Amino acid sequence: MKKVILLCLIIITSIWGQNTDDLKKKIDRVQPGDSRFLLRGYAHSGLEVLDDESSFVGGSFNPIFLWQQSDRLLFEAELELELEDGETHLALEYANMSYILNDYATIRLGKFLMPFGTFAERLHPRWINRLPSNPLGFGHESVGPARDLGIELRGGSDLGTGKINYSVYVSNGPGLNDGTDPELEAEEAGMLNYDNSDDNNPNKAIGGRLGILPLSNSSIEIGISGQYAKVGNHDSDFEDIGALLYAFDFSYVNKINFLKGFVDIKGQFNGVDVDQANYLNGEDSSSYRFDNLSQAYYVQLSYRPANIGLSFFEDLEFVGRYSSLDFPEGALWEGHETQYAFGINYWLDWRTVIKLSYQTEESEGGHGDEAADAHASSDAILLHWSFGF
């Protein structure tokens, strides 16, 4: 029946001298079956030896659902299924819909990975991250947001011989742990809580990132990110407390002829500066305040001899990374950590990798079971198998 209707319309428009190609396109857009669906994702598992303990870990599975409703309307979502403490945990990493306004701008709404630097948005998937672990401050106990709910305008353009990309957004923003929420640790008063799906106040975070690729081959990218928000709970003594978050990121990826391979350098610096406030010490009911500044950064170098002429060695990759994490002095959760990590990867194909790494970590401070002036060191050997699909 639909074919008959389509044929009649084509005949009628031909008679009236209209463009039948345009009419076909309009009809095709309303026909069922025009949408496109793609299932992608990644998974990993492995063995971790930490000091005198060892355990098989991972078993995580991250399916990514991509839906193209039309040439301009898109939807994406990622779930994370992970084994933790003997139970399977299911989490929504992101779910958002996008509309392509033009060649230079796309708007999207929902839960999305934050364009705060590049690690959370581009590099965190297990088969993309060159080491089995995340840098300090870029995973658990992160300094800076990884995902949030909001609306974003993003895009890019040529800039002379180079390029730029940009993102501006409005989101729920982080909430402030003021020590009164029973679901958060009172000892972490002053820390930001980035899991703020039910916004704790009417204020919204405003932020964005600007990336500049100055060379015509796009081998270098320099980015700057910023976000500001009121983070205190509504109608509380902390409702006017603000937080300024900022990040600087750098990337260099290029083929180096005399090294017969590719060099990949990544780095990112995150800072979180929260207004000072008085918090209650639950141990002695005293009040205290501190300069609430947290920082984390990492630098990473990897080299893959892809053109050395020996097939086995061409699939190897050598990685080294240094990362550092500082929590504010005077807080009950103050601390300083540094980590060195070295690894060798073997790529079975372009998205399947076996990663073997050694990392050593030094830490001072902490809370809970750790004394404030405690000094600790730990070593770990990690073996992970990761692949994207």
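## Gly 232, a buried glycine in a loop

Let us start with Gly 232, which sits in the loop between strand 11 and strand 12 (242-256). Please keep in mind that this is a predicted model. Gly 232 has a relative accessible area of 0%, so the residue is buried.

Who surrounds this glycine? Setting aside neighbours within four places in sequence, Gly 232 is in contact with Leu 176, Asn 200, Asn 201, Phe 238, Glu 239 and Ile 241. There is also a pairing across the sequence to look at: the C-alpha atoms of Gly 232 and Asp 178 are 7.6 Å apart, although 54 residues separate the two along the chain.

## Asn 177 and its loop

Asn 177 belongs to the loop between strand 8 (175-176) and strand 9 (192-193). Its relative accessibility is 4%, and because buried means under 20%, Asn 177 counts as buried.

If you display the side chain of Asn 177, look for one of its polar atoms 3.3 Å from the backbone oxygen of Glu 188.

Next comes Asp 148, found in strand 6 (residues 147-159). This aspartate is buried but has no salt bridge. Its nearest side chain of opposite charge is that of Lys 111, 8.0 Å away. A salt bridge needs the nitrogen of Lys or Arg within 4 Å of a carboxyl oxygen, which is why Lys 111 does not qualify as a partner for Asp 148.

What does the side chain of Asp 148 make a polar contact with? The partner is the side chain of Ser 171, at 2.9 Å. Ser 171 is also one of the residues touched by Asp 148 when those up to four places away in sequence are not counted, and Lys 111 is on that list too.

## Salt bridges across the chain

How many salt bridges does a search of the whole structure find? The total is 13. One of them joins Arg 108 to Glu 121, with 3.7 Å between the closest N and O atoms. This pair links distant parts of the chain, as Arg 108 is in strand 5 (residues 105-113) and Glu 121 is in helix 3 (residues 119-123), 13 residues apart. Both Arg 108 and Glu 121 are buried. They also take part in a network of salt bridges that links them with Glu 76, Glu 152 and Arg 154.

Another salt bridge is formed by Glu 221 and Arg 209, whose closest N and O atoms are 3.0 Å apart. Here strand 11 (residues 220-230) contributes Glu 221 and strand 10 (residues 205-213) contributes Arg 209, with the two residues twelve residues apart. Glu 221 and Arg 209 are both buried.

## A partly exposed pair

The last pair is Asp 315 and Arg 304, a salt bridge with closest N and O atoms 3.5 Å apart. Asp 315 lies in the loop between helix 4 (311-314) and strand 17 (316-327), while Arg 304 lies in strand 16 (residues 292-304), eleven residues away.

Are these two residues buried or partly exposed? Asp 315 has 23% relative accessibility, so this residue counts as partly exposed. Arg 304 counts as partly exposed as well, because its relative accessibility is 23%.

Key:
Residues are numbered from 1 along each chain as its sequence is written. This is a predicted model: local features need pLDDT of at least 70, side-chain atom pairs count only at pLDDT 80 or more; totals for chains, interfaces and linings use all residues. Side-chain values use heavy atoms; hydrogens and water are left out. Helices (H or I, at least four residues) and strands (E, at least two) are DSSP runs, numbered from the N terminus. Buried means under 20% relative accessible area, exposed over 50%, partly exposed in between (1.4 Å probe, protein chains only). A polar contact is a pair of N or O atoms within 3.5 Å; within protein, one must be able to donate a hydrogen and the other to accept it, and residues adjacent in sequence count only if both atoms are side-chain atoms. Lys and Arg count as positive and Asp and Glu as negative; His and the chain ends are not counted. Contact means heavy atoms within 4.5 Å.
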